[in-house]
Amino acid sequence: SLPAISRCCVLLARRSAAWIASAVEARTSAQALTKFFQTPGSQRSLDAFAQSRRKEKEINAEIVESLATQVMTMFEREDVEALAKALYKIPKTVEKIGERLLLAPEFLDGVDLSKPVAMLERATGILHVMVTAMRQGAPLSDMKRHNAELQRIEGDVDKIMTDLSRDLYRIKTDVGRALFL
């Protein structure tokens, strides 16, 4: 989850430019999802998602390699691995969402996901700001403020998705659509 990522960021982001690159790829994948939703169905493609995930995979490998070759004095190895894994999950998850939308776009008829998609893009932007600021030695108060904003966004998205789930239970809907959403 985004707050878990931000907690790890507080501990680890000063370590390397790779963290910034990783946060950029998370944001790029969220932006690609926004563009995906804005593109007519027949013109949609997973290329941007796949490219972002490939870049993130390379960055992740660089981070993991640095664990083997550099002495970790300030950070625990497990924390570095957790952050790398958490940041990698963002582009991977976004790509999975795109795949589902290409497979069965009819299941989204009447469903507006523009708000949670915009919130994801906003959250990944905040992650990028956090990682960059922490690398530059930003004060803890700034990180706490950014973390609070991430938690607020996550709570807002949870409410939207809960409402969507509630609507699925209230109306007679086919099982495929319920599983899709």
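I take a helix here to be a DSSP run of H or I with at least four residues, numbered from the N terminus. With that in hand I looked up V157, which sits in helix α6, the stretch covering residues 140-170. I keep in mind throughout that the model is predicted.

**Whole chain.** I went through the secondary structure and noted seven helices and zero strands, so that, by the DSSP runs, the order along the sequence reads α-α-α-α-α-α-α. I then looked up burial and found that 40% of the 181 residues count as buried.

**Helix α5.** I followed α5 through residues 114-135, which makes 22 residues, and its reach from first C-alpha to last is 32 Å, close to the 32 Å expected at 1.5 Å a residue. I listed its buried residues, among them P116, V117, M119, A123, I126, L127 and M134. Just after α5 I came to G137, whose phi is positive at about 85 degrees.

**Back to V157.** Which residues does V157 contact, leaving aside its neighbours within four places in sequence? I found P116 and M119, and both of these are on my list of buried residues in α5. I also looked up the pair V157 and K115, which are 42 residues apart in sequence, and noted a C-alpha to C-alpha distance of 8.3 Å.

Note on methods. Residues are numbered from 1 along each chain as its sequence is written. This is a predicted model: local features need pLDDT of at least 70, side-chain atom pairs count only at pLDDT 80 or more; totals for chains, interfaces and linings use all residues. Side-chain values use heavy atoms; hydrogens and water are left out. Helices (H or I, at least four residues) and strands (E, at least two) are DSSP runs, numbered from the N terminus. The expected span of a helix is 1.5 Å times one less than its number of residues. Buried means under 20% relative accessible area, exposed over 50%, partly exposed in between (1.4 Å probe, protein chains only). Contact means heavy atoms within 4.5 Å.
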